[in-house]
Amino acid sequence: MLFQQLINGLTLGGVYAIVALGYTMVYGILELINFAHGEIYMLGAYLGIIFLGIFTAIGLTEANLPLALFLTVLLAVFFCAAYGFTMEKVAYKPLRNAPRLSPLISAIGVSLFLQNYVMLTQGATDKVFPSRFGESRITIMNGEITFLQILIIAVSALIMLSLHLFRKTRWGKAMRAATQDKTMAALVGINVDGVISLTFCIGAALAAVAGVMVAAYYGLVNHFIGYVAGIKAFTAAVLGGIGSIPGAMLGGILLGLAESTGAAYLSSEYKDAYAFVILLIILLIKPSGILGRRSEEKV
Amino acid sequence: MLTLRAVHASYGPIKAVRGIDLEVHKGEIVCLIGGNGAGKTTTLMAVSGIVKPDAGSLFFKGECLNGVPAHEVVRRGICQVPEGRRIFPALTVQENLEMGAFLRTKDFSRNRERVFTLFPVLKDRKNQLGGTLSGGEQQMLAVGRALMANPSLLLLDEPSLGLAPIMASKIFRTIREINEEGVTILLVEQNAKAALKLSHRGYVIENGTIALQGRGADLLENEEVKRAYLGE
C-alpha cells in the first residue's frame, strides 16, 4: 500500500515539479508570479490530444506508437513555447517598469483569456485522450505500477537533469546572471530581453510536456485543469523556495507524495485540499520555503 | 573616441544630467569628479545604454550610440565596472569571468591569463562564489570581468569606494597598467586627488553640467577644485 502510494505520488510529484520549474524560473528573473503558467500546461494537454488525434487518424499511432508520441510531445512543446514567448511580449514586457501589481493583474487576465479561448474553440465538455497505452502493469512489493507511470517518472527525471545541465551552459549561466542582477547582466553584454524570452519558452516547453503526460495519465482534460494544476505547482514552488530550481523540484515531489499518501490514509475527498494546507503551513513557518533564501532588500 | 554632445539624461524622475559635453581621446585616462548626485553615474549609464538620454547625442568611434541597447554597446567595445562592483554573487569567480567574456568567447584563455596576471588572487579563488570574496577582491573581479571582453574603452565608476587605502592605491596602479596596455579609460571618482593625479584630463561636474575641465595636473592646482573637492 505504502509503496503503491509512493509511486503514485512520484508520478504526480514529477509533473508538479516540472510545472513548478516554470513558475520558479520566471519568478527568479522577473519577480513575477506568472499565474497564466497553468494555462500553458492546459494548452499542452489539449495540443497533445489534438496532435495525437491527428496521428491516430492517419494511422501513425497504430504503426509506430513511440514515434507518434514523440512527435506529439515535440509539437506541443513547440506551440506552447510560442504561446509562452507571445504571452511575455504582449502581457508582461510592456509592464516591465510598472508597479509590481500590474503584471500580476495582467497575468490573471492572460489566464482567464486562455481558459475561455480554449473553452470557446474546444468546447466546454471533457476531451478524451485518443489513445490508451502503457497500461501493462508490473507488481513490485504489493504495488501495481503501470508502464505509463514509469515513463512519466523517467521523463520528469530526465527533464530535471537536462535543466540542471543547461544551467552550466553559456546561456544557462547568462540566465543565472540575469536572475542575480539584470542591469549588470546587460553591462557584460547579455541580451537580457532575450534571456527573459528564453526563460518563458523553456518554462512553457516544460509545462507542455507535463500537460501531455497528464492528459495521457488521466485520459480526460478540460479547460479548467490549468487552474488547479497551476495553483498546485505554485504551491510546490513556494514549498521548495520560490526562485530556487532545486527547490521547485523538491517541492513538486514532496507535494505529490503528500497528496497521494494523504488521499490513501486520510481521505481522498480532500485530495486537492492538502496542497493548500501545506501552502498555509509553509507560509506561516518558513515563508522563504525549504531551499529558499530570505530575500535581502537592496539599499 | 567617445564624444558626448549636450547630453541630458534622467535617473528615475530626477533630471541628473543637464547638457554635458565631453570628449575622451584614444589612449587617455579621463576622470569625472564631482559631489554626490552631480550626475556622474548617470553619465556613465547613458554611455553604456542602460539610461536612455532625453536629449543630445553620443558618439563612439564615429558611430552614434543613441538608442543602441546595452549589450550592443559592449559588443562595440565599451565595458563598464559599475559602482558597488555588482559581481554575480551566486556565480563562481570563474563563471563571473565567463560572463564578462559573454560576447568574446574566442580568446577566453588568453584574456583570462591577462586578468590572472593583473590579479593573481583571483586565480586562487577561481572556484569560490563571487559573494564570498572580500570587498577588494570583488573590485578586482569586477575589473577583471570587464577586461574579459577586451574593451577599447573602460568605464570605471568609483573603483576605490569602500576600499582600504592600500587596496585603493593598488586599484589605481592597476588602472594605470591597464591604460598602458592601450585601454582608454573614463573614470568616475569621489577621491578627486588620486583620480586627478592618475588622469591625463579631468572634468568637474556640478548639478549635471560641466563646471570645469582641464589637464589633471592643472585641475589639481585650481583654487576652486582645491576648495570644493580636495579639502584644502
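Two strands count as paired if DSSP finds at least two bridges between them. Helices (H or I, at least four residues) and strands (E, at least two) are DSSP runs, numbered from the N terminus. This is a predicted model, where local features need pLDDT of at least 70 and side-chain atom pairs count only at pLDDT 80 or more, while totals for chains, interfaces and linings use all residues. Residues are numbered from 1 along each chain as its sequence is written, with chains lettered from A and ligands numbered from 1 in the order in which they are written.

**View 1. The open sheet of chain B.** Four antiparallel strands of chain B line up as β2-β1-β4-β5. At the edges sit β2 (14-24) and β5 (63-64), each pairing on one side only. Five bridges join β1 (residues 2-11) to β4 (residues 55-60) of chain B in the antiparallel sense. Look here for B:T3, whose bridge partner in β4(B) is B:F59.

**View 2. Where chain B meets chain A.** Chain B brings 21 residues to the contact and chain A brings 14 residues (C-beta atoms, placed from the backbone, within 7 Å). On the chain B side, α2 (70-75) and α3 (93-100) each supply at least two residues. That side has twelve nonpolar (Ala, Val, Leu, Ile, Met, Phe, Trp, Tyr, Cys, Pro), five charged (Asp, Glu, Lys, Arg) and four polar residues (the others, Gly among them).

**View 3. Inside chain A.** Chain A has twelve helices and four strands. Of its 299 residues, 49% count as buried (20 or more other C-beta atoms within 10 Å of the residue's own, with C-beta atoms placed from the backbone).

Notes. Contact = placed C-beta atoms within 7 Å. Buried ≥ 20, exposed ≤ 12 C-beta atoms within 10 Å, placed from the backbone.
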